[in-house]
Amino acid sequence: MSEPLRFVYPVDGEDFMSAGTASTDMKRVLRQLGFGTEVIRRAAIAMYEGEINMVIHAHGGTATVEIYNDRIEMILADSGPGIPDIDLAMSEGYSTAKENIRELGFGAGMGLPNMKKYTDGMEIETEVGKGTTVRMTVKTR
C-alpha cells in the first residue's frame with residue numbers, strides 16, 4: 001500500500017452498546033488484509049479502550065484508523081472536558097468515571113494505561129475545556 005487505507009468512525013457518546021464498533025470493524029479489515037493475530041489483537045484492544053474512554057468521559061468523538069504496510073495509526077479525537085493531569089490519568093486504577101458508569105462494569109482506570117501498553121507509541125494532546133486527541137501506533141513488522 002503506497003497510500004494508507006483510511007477509515008473514520010463516529011463514536012456515539014450516549015450509547016455504550018455501540019462502543020466497540022470501530023475496533024470490531026478495524027479487526028475485520030486487518031484480518032482481510034492478512035495482518036498477524038498479535039498485531040490485530042493489540043490494535044483492537046487499544047482502539048476499544050479509546051472508544052470506551054470517549055463514551056465515558058467525552059460524550060463521543062471520532063476514531064480514525066490509517067493502515068500502512070508497516071503500521072496502524074489510530075487517532076481518537078473528542079471535544080470533551082480534556083484531561084487536567086495526564087500523568088495521574090495514566091496511573092493504573094485512577095478513574096474519574098461516575099458511580100453509574102462503574103456499576104455497568106466500566107471506568108476501572110485501565111483505559112489509558114492499556115492503550116499505552118498495547119501500542120508501540122502513544123501521544124496525548126489535551127486542553128481542559130476543549131478536548132483531547134490521542135494518537136496511537138501499532139507496528140505491523
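**Reading a predicted model, feature by feature**

Guide: Let's start with Lys-116, which lies in helix H5; helices (H or I, at least four residues) and strands (E, at least two) are DSSP runs, numbered from the N terminus. This is a predicted model, where local features need pLDDT of at least 70 and side-chain atom pairs count only at pLDDT 80 or more, while totals for chains, interfaces and linings use all residues. Residues are numbered from 1 along each chain as its sequence is written, and side-chain values use heavy atoms, leaving out hydrogens and water.

Visitor: Is Lys-116 buried or exposed?

Guide: Buried means under 20% relative accessible area, exposed over 50%, and partly exposed in between (1.4 Å probe, protein chains only). Lys-116 has a relative accessible area of 51%, so it is exposed. Not counting residues up to four places away in sequence, Lys-116 touches Met-90 and Met-122, where contact means heavy atoms within 4.5 Å.

Visitor: How do I read the packing of two helices, such as H1 and H2?

Guide: Two packed helices are described by the angle between their axes and the distance between the axes. Axes are lines fitted to C-alpha atoms, for helices over the stretch in contact, and angles run from 0 to 180 degrees between N-to-C directions. Here H1 and H2 pack at about 165°, with axes 8 Å apart. Angles under 35 degrees count as roughly parallel, over 145 as roughly antiparallel, 65 to 115 as roughly perpendicular and the rest as oblique. H1 and H2 are therefore roughly antiparallel to each other.

Visitor: Which residues of H1 and H2 meet?

Guide: From H1, they include Met-26 and Leu-30, and from H2, Ala-43 and Met-47 are among them.

Visitor: Which residues have the most contacts inside the largest nonpolar core?

Guide: A nonpolar core is a set of buried Ala, Val, Leu, Ile, Met, Phe, Trp, Tyr and Cys residues joined through side-chain atoms within 4.5 Å. The largest one has 34 residues, and those with the most contacts inside it are Met-26, Leu-30, Met-47, Ala-63, Val-65, Ile-72 and Met-74. H2 gives the largest share of this core, ten residues. Leaving aside neighbours within four places in sequence, Met-74 has contacts that include Met-26, Met-47 and Val-65.

Visitor: What is the phi of His-59?

Guide: Most residues other than glycine have a negative phi. His-59 is not a glycine, yet its phi is positive, about 60°. His-59 sits in the loop between H2 and S2, and with a relative accessible area of 58% it is exposed.
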